[in-house]
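The sequence and the structure are shown first.

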Amino acid sequence: MNNSELSKIIESNFQNIDKETIDNIIKLSSFIKLNKGKELISEGKRHHYFYLIVKGGVKSYYAKESKEVCTWFAFENEIIGTTSTLQGLPSNESIQFLEDSILIRFNTQKMKELTQTNLKMSQLLNNLWAEHALFLEAKLYLLQFTNSQERLNALIKYNSEILQRVSLKDIASFLGVSRETLSRIRAKK
């Protein structure tokens with residue numbers, strides 16, 4: 001993929017950004033392709049990038065007592081990274097590919113440096129942080145105030161293809177139920 005395609009994707013995903021800012025973002029980004037099963041970010045390690053998914057999907061998870069506990073899924077046109085790595089700290093979670101994927105990789109530090117001289121870039125990163133905070137708030141609400149059936153319904157509403165794109169094991173982990181319980185919940189629908 002070339003800079004023209006990169007420019008179109010950035011323009012369509014980040015509204016109200018001027019040409020100069022887009023050109024600056026392009027200089028700090030690149031396309032990458034990774035295969036299903038590959039780990040993008042590893043728990044306990046620093047990572048210097050965040051990403052926009054062009055094609056494919058990922059899951060985020062914590063390792064707990066040799067089990068994976070899924071925390072979120074992301075697909076096309078979504079920004080991914082971990083909060084701790086965006087702050088230059090080791091990641092508290094891992095991100096792994098669910099499908100062969102194409103992403104745009106952004107250098108976190110260089111993007112932050114750009115915010116010092118470019119107000120549009122500063123506004124963009126602030127908006128991304130605000131979206132992430134809203135996502136976390138919604139996730140906490142789902143975990144605290146809904147049952148597993150309601151969480152599954154919310155997940156399907158978020159992405160109607162999720163049951164075809166994510167393993168039942170990972171969906172059960174995300175919902176905080178066993179695979180057997182997930183099967184019973186699905187049978188009630």
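In this predicted model, Asn-107 touches Leu-28, His-48 and Tyr-49, leaving aside residues up to four places away in sequence. Asn-107 belongs to strand E8, which covers residues 101-107. The relative accessible area of Asn-107 is 19%; because buried means under 20%, Asn-107 counts as buried.

A further element is an open sheet of 4 strands, arranged in the order E2-E7-E4-E5 with antiparallel pairing. Its edge strands are E2 (39-41) and E5 (67-74), each of which pairs on one side only. On average, neighbouring strands of this sheet are turned by 35 degrees against each other, direction ignored. Strand E2 pairs with strand E7 (residues 94-97) in the antiparallel sense, over 2 bridges. Glu-39 stands opposite Gln-96 in E7.

Two helices also meet. The axes of helix H4 (residues 108-115) and helix H5 (residues 119-145) come within 7 Å and cross at roughly 125 degrees. That angle makes H4 oblique to H5. The residues of this contact divide into 4 nonpolar, 2 polar and 1 charged. The table lists them by helix.

| Helix | Residues in the contact |
|---|---|
| H4 | Met-111, Lys-112, Leu-114 and Thr-115 |
| H5 | Met-121, Ser-122 and Leu-125 |

Which residues of H5 do Met-111, Lys-112, Leu-114 and Thr-115 in H4 meet? They meet Met-121, Ser-122 and Leu-125.

Technical notes: Residues numbered from 1 in each chain as written. Predicted model: local features only at pLDDT ≥ 70, side-chain atom pairs only at ≥ 80, totals over all residues. Heavy atoms only, no water. Pairing = 2+ DSSP bridges. Axes fitted to C-alpha atoms, helices over the stretch in contact; angles between N-to-C directions. Parallel < 35°, antiparallel > 145°, perpendicular 65-115°, else oblique. Contact = heavy atoms within 4.5 Å. Nonpolar A, V, L, I, M, F, W, Y, C, P; charged D, E, K, R; others polar. Buried < 20%, exposed > 50% of the residue type's maximum accessible area, 1.4 Å probe, protein only.
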